[in-house]
Amino acid sequence: MIEKIDQLRSEIEGLSAASLSEVEALRIKYLSKKGEISTLMQDFRTVPAEQKRELGQKLNELKTLATERIASLKEALENVDTVDTDLDLTRTAAPMPLGTRHPLSLVKDEIIAIFSRLGFTVAEGPEIEDDWHVFSSLNFAEDHPARDMQDTFFISRNPDVLLRTHTSSVQSRVMETTQPPIRIICPGRVYRNEAISARAHCFFHQVEALYVNENVSYADLRQTLLYFAREMFGPDTKIRLRPSYFPFTEPSAEMDISCNLCGGKGCSFCKHTGWVEILGCGMVDPNVLEACGIDSKKYSGFALGMGVERITNLKYQVKDLRMFSENDVRFLEEFTSAR
């Protein structure tokens, strides 16, 4: 044991370290509970009684030497300015702020969550589509204005390949490959050949929903819309349905909600009517069901669609649609608390 003590003394006297992490490694090696000196202390129990006094004194001196030597190494390194080699000197000195979800993503996810609670599942489809799924299968007439170049982006002058103008094309794809019951919600980006302004854009986002089953009625549609409106805009929200026209639904309607700013009393936002339009809806036209291979005499259904930008405008009072796509950090920072 005396030889081991002398060996450790020589090692400790020659200790050196280039960093605090190396000093810590030395402390663990010699002074921890499982270190070299602790091991000797345990072996000390088996030493004959006549040697205990001498060896005990040497062990105490060894432990004191190790403690002082490691402490002096640590103190010396703490007083020296060191450069952290892991530091990225190309980074800005300013703190990096946390980002947030885009307001359109926030609202889209909220819409999906509301319909998910009603049993709707998300369905997606391609943005580059064909005429059948965007128009013909949805009961659009051959001379419908939406087919005109003024409203639709066609690909390579091919009249059969285009950028989808609505996510209803996803509904027709699902109906072609799935038999009822069908209960889907279709979020996605759509494109229309329109001039960009504060109230219109050449691309925007839609969320459409479709429910097809036996004995689906207009009352089912109305209750679904009422549930959505109150979940999105508050429990006191009222709705009204006004007759309208869409090629793929009959009867069709536009849905208004009571203005969430004035509570239906009338203000500049709702043009003093107390109502704000948010979406279109209706019962699926039997021609659409038949075109997609579904027996319209056995099944019925309803469909609805809304612009995500429109709902976001109502929820956050964003007046200019262009703000959603210009990546202005000042605008996006306003939604930091909403992520």
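Where does His-272 lie? His-272 sits in the loop between S8 and strand S9 (275-284); helices (H or I, at least four residues) and strands (E, at least two) are DSSP runs, numbered from the N terminus. The model shown is predicted: local features need pLDDT of at least 70, side-chain atom pairs count only at pLDDT 80 or more, and totals for chains, interfaces and linings use all residues. Residues are numbered from 1 along each chain as its sequence is written, and side-chain values use heavy atoms, with hydrogens and water left out.

**View A. Residues with positive phi: His-272 and Asn-327.**
His-272 has a phi near 60 degrees, a positive value in a residue other than glycine. The relative accessible area of His-272 is 62%, so the residue is exposed (buried means under 20% relative accessible area, exposed over 50%, partly exposed in between; 1.4 Å probe, protein chains only). Asn-327 is not a glycine either, yet its phi is positive at about 55 degrees. The loop between helix H10 (308-316) and helix H11 (329-332) holds Asn-327. With a relative accessible area of 56%, Asn-327 is exposed.

**View B. Packing of helix H1 (residues 2-13) on helix H4 (residues 49-78).**
The two helices pack at an angle of about 15 degrees, and their axes are 10 Å apart. Because of that angle, H1 is roughly parallel to H4 (angles under 35 degrees count as roughly parallel, over 145 as roughly antiparallel, 65 to 115 as roughly perpendicular and the rest as oblique). Axes are lines fitted to C-alpha atoms, for helices over the stretch in contact, and angles run from 0 to 180 degrees between N-to-C directions. From H1, the contact is made by Ile-2, Ile-5, Leu-8, Arg-9, Ile-12 and Glu-13; from H4, the residues include Leu-55, Leu-59, Leu-62, Leu-65 and Arg-69 (contact means heavy atoms within 4.5 Å). By class, the contact of H1 with H4 has 9 nonpolar, no polar and 6 charged residues. Here Ala, Val, Leu, Ile, Met, Phe, Trp, Tyr, Cys and Pro count as nonpolar, Asp, Glu, Lys and Arg as charged, and the others, Gly among them, as polar.

**View C. Aromatic pairs of phenylalanine rings, including Phe-115 with Phe-120.**
The structure holds 7 aromatic pairs. Rings of Phe, Tyr and Trp (its six-membered ring) pair if their centres lie within 6.5 Å; planes under 30 degrees apart count as stacked, over 60 as edge-to-face and the rest as tilted. Phe-115 and Phe-120 form an edge-to-face pair, 5.4 Å centre to centre with 85 degrees between the planes. Phe-115 counts as buried at 1% relative accessibility, and Phe-120 is buried with a relative accessible area of 5%. The ring centres of Phe-246 and Phe-248 are 6.0 Å apart and the planes are at 15 degrees, so this pair is stacked. Phe-248 counts as buried at 18% relative accessibility. One aromatic cluster is formed by Phe-135, Phe-140, Phe-246 and Phe-248.

**View D. Cis peptide bonds at Pro-181 and Pro-251.**
Pro-180 and Pro-181 are joined by a cis peptide bond with omega about 5 degrees. Pro-181 lies in the loop between helix H7 (168-177) and strand S5 (182-191). A cis bond also runs from Glu-250 to Pro-251, with omega near 0 degrees. Pro-251 is placed in strand S8 (residues 249-258).
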